[in-house]
Amino acid sequence: MGGALLLTAAIHASAAFTTLNTLSSRGFVQITPFTRHVEATASRPSNFSLILPSYSHPTSTRVHSSSLFDWFAPPKENVNVKNNEEEVRNVKAQIEEAIANTDRGRCTTPTQKSVIHTLLAQLESLSPLTEPARDPRMGGSWIVLYTDAPPPSNGQLGFLKGIAKQVIDLEGGRYKNELYVGGKGGDEDEGAWLTAVLDADWKEWDGVYLDGDDDGDGTLKSGSGSSGIEVDYGATTWKVTFESLTLSLFRVPLFTQQFKAGTSRTWKMTYLDDETRIVKAGKTGREEDDWVFYMRRGIS
């Protein structure tokens, strides 16, 4: 009876060591050297230790080393990314609510403006992009939902109020500012009876103020970073140069006005994702003369 039990134990032990050796050969575990202790009457079972390798899943920062089951378990979700996405959605919802009764910023009280700009700054702080001006998502059409800019940039032409739209051509280095009055459809630009289209080009800003004045320390450029490292202005900001403005009635051009050579503005992209964009547009490149534009992706 005792011999049968010993034989069974030996078979199970052999199977266990075979399994461990297989796992070891595949890199799943590491078996450290063991020692055998021989006594005069019988050999005691060999002692061994099992070390599980530390493993980091390629899509997770979590390291699994506590157990073999943890190693084979799927990685947990990146909680920080999920929380950031949720926060972005919440802030956008608050912005939509805050601008709802402002006629796209054309009828805004000082209190409303303060609340809106605080929320916009909060959304800007959540942007993970370091070079938004070079992001391919910049291209296409954008509808202005809110701005504190004066007419016609706010979609108003005289006493007529319409929709302001930007259409950006990344490959061609061009863009259009479009104003539609009396339009329909998702972007309210279809069948508009009055349109105004500003044609312009863009390029990365080099940091030189557009008014040609220095910033008080004898330089014509916006200040460098606090560490003294040269700022890559083009990563966030474009210099846009106006060329012409065409006014049309029922799609029939009435007249075209040419801008004076060198009529330019700066566009600083402070937030960008698939559906939303925030731009600070200014005459010189200085923050004090910036106008803010909160936009959504256009349908057409």
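Helices (H or I, at least four residues) and strands (E, at least two) are DSSP runs, numbered from the N terminus; the model shown in these close-ups is predicted.

**View A. The cis peptide bond between Pro151 and Pro152.** The bond that joins Pro151 and Pro152 is cis, with omega at about -5°, and Pro152 belongs to the loop between strand 5 and strand 6 (156-157). Most peptide bonds, by comparison, are trans.

**View B. Asp103 and Arg104 in the loop between helix 3 and helix 4.** Asp103, although not a glycine, has a positive phi of about 55°, and Arg104, likewise a residue other than glycine, has a positive phi near 60°. Asp103 counts as partly exposed because its relative accessibility is 29%, whereas Arg104, with a relative accessible area of 19%, is buried.

**View C. The two sides of helix 4 (residues 110-125).** Ile116, Leu119, Leu120, Leu123 and Glu124 are buried in helix 4, and because they cover an arc of only 145° around the axis, they are on the same side of the helix. Pro110, Thr111, Thr118 and Ser125 are exposed on the other side of helix 4. The end C-alpha atoms of helix 4 are 23 Å apart, which agrees with the 22 Å that its 16 residues should span at 1.5 Å a residue.

**View D. The largest nonpolar core and the surroundings of Met269.** This core has 21 residues, and those with the most contacts inside it include Ile168, Trp238, Met269 and Phe293. Strand 5 (140-147), strand 11 (237-249) and strand 13 (264-272) are among the elements that give two or more residues to this core. Beyond its neighbours within four places in sequence, Met269 is in contact with residues including Pro132, Met138, Trp238 and Ile278.

Methods. Residues numbered from 1 in each chain as written. Predicted model: local features only at pLDDT ≥ 70, side-chain atom pairs only at ≥ 80, totals over all residues. Heavy atoms only, no water. Core = buried A, V, L, I, M, F, W, Y, C linked by side-chain atoms within 4.5 Å. Buried < 20%, exposed > 50% of the residue type's maximum accessible area, 1.4 Å probe, protein only. Contact = heavy atoms within 4.5 Å. Expected span 1.5 Å × (residues − 1). Arc of directions from axis to C-beta.
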